[in-house]
Amino acid sequence: MRRIYDSGALHRDDEEPQAPTERGGRPQAARSINGRAWSDLLLPTWLRYRAVSVDIEVPQASYPAGTKVPFVVTIRNGLPVPITLPTDSPRPWTWYVDGVPEASHVDSVPSEAGSLRFDRGERKQFRRQWDRMFRVSDDEWEPAPAGEYTISAGLSVANAGEHGLYSETTISITNQ
């Protein structure tokens with residue numbers, strides 16, 4: 001290493017781009033910036049909501065009685081920058097069966113605010129299943145009769161449907 005400094009190889013150019021900085025001199029490397037903080041400051045909330053899509057999928061449209069109904073909720077950031085979405089609840093999203101949150105008539109969602117963070121272009125997938133039961137009290141569940149049901153998912157924001165942060169699919173349960 002000493003030979004490099006003694007040879008003057010680092011000081012050959014007039015502009016000295018490879019020369020080490022002197023103590024107290026200005027650093028030559030730029031500091032890294034927090035992209036998430038900048039995008040949250042520069043992008044309005046309505047644009048961040050518009051960039052996110054919610055989709056729900058079920059493997060089949062019909063299920064026999066006695067089987068659980070699996071589904072996958074996919075939430076995707078379509079922007080090439082990281083974003084944070086403010087939510088009305090610490091649970092950033094929830095699922096519904098015929099408009100009943102998580103198939104439960106018992107309210108268990110705290111009233112605190114939260115957020116959902118995405119890296120650039122990130123896709124989050126959540127796998128859940130409905131056991132064909134509706135919760136009617138803290139310790140009582142009722143089975144869902146045969147028929148058609150709408151399973152949906154949405155972010156915990158006001159007017160999720162209007163913002164495009166909500167998706168639904170219809171399934172049928174048959175008696176066999």
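Buried means under 20% relative accessible area, exposed means over 50%, and partly exposed covers what lies in between, with a 1.4 Å probe and protein chains only. By that scale Asn159, at 47% relative accessibility, counts as partly exposed. Welcome to a predicted model, in which local features need pLDDT of at least 70, side-chain atom pairs count only at pLDDT 80 or more, and totals for chains, interfaces and linings use all residues. Residues are numbered from 1 along each chain as its sequence is written, and side-chain values use heavy atoms, with hydrogens and water left out.

- Helices (H or I, at least four residues) and strands (E, at least two) are DSSP runs, numbered from the N terminus.
- Two strands pair if DSSP finds at least two bridges between them.
- Strand S5 (residues 93-97) has four of its five residues buried, so it is largely enclosed by the rest of the structure.
- S5 runs antiparallel to strand S11 (residues 147-155), and five bridges join the two; Thr94 stands opposite Gly154 in S11.
- S5 also runs antiparallel to strand S6 (residues 100-101), joined by two bridges.
- Tyr96 faces Pro101 in S6 as its opposite residue, while Val97 has Val100 as its bridge partner there.

**Turns and loops with positive phi**

- Which strands form a hairpin with two residues between them? They are S5 and S6, and Asp98 sits in the turn.
- Asp98 has a positive phi of about 50° although it is not a glycine, and at 40% relative accessibility it counts as partly exposed.
- Asn159 is not a glycine either, yet has a positive phi of about 55°; this residue lies in the loop between S11 and strand S12 (166-174).

**Aromatic rings**

- Rings of Phe, Tyr and Trp (its six-membered ring) pair if their centres lie within 6.5 Å; planes under 30 degrees apart count as stacked, over 60 as edge-to-face and the rest as tilted.
- A search of the whole structure finds six aromatic pairs.
- In one of them, Trp93 and Phe126 have ring centres 5.0 Å apart and planes at 35°, so the pair is tilted.
- Trp93 belongs to strand S5 and Phe126 to strand S8 (residues 123-130), so the pair ties together parts that are 33 residues apart in sequence.
- Trp93 is buried at 8% relative accessibility, whereas Phe126 is partly exposed with a relative accessible area of 21%.
- Trp130, Phe134 and Tyr149 are linked into a cluster by ring pairs.
- Lys124 lies over the face of Phe118, at 5.3 Å from the ring centre; a charge sits over a ring if NZ of Lys or CZ of Arg is within 6 Å of the ring centre and within 35 degrees of the ring normal.

**Other spots to look at**

- Leu41 lies in helix H2 (residues 35-42) and is exposed, with a relative accessible area of 69%.
- Met133 is found in strand S9 (residues 133-137) and is partly exposed, with a relative accessible area of 24%.
- The C-alpha atoms of Met133 and Pro145 are separated by 9.1 Å, with the two residues 12 apart along the chain.
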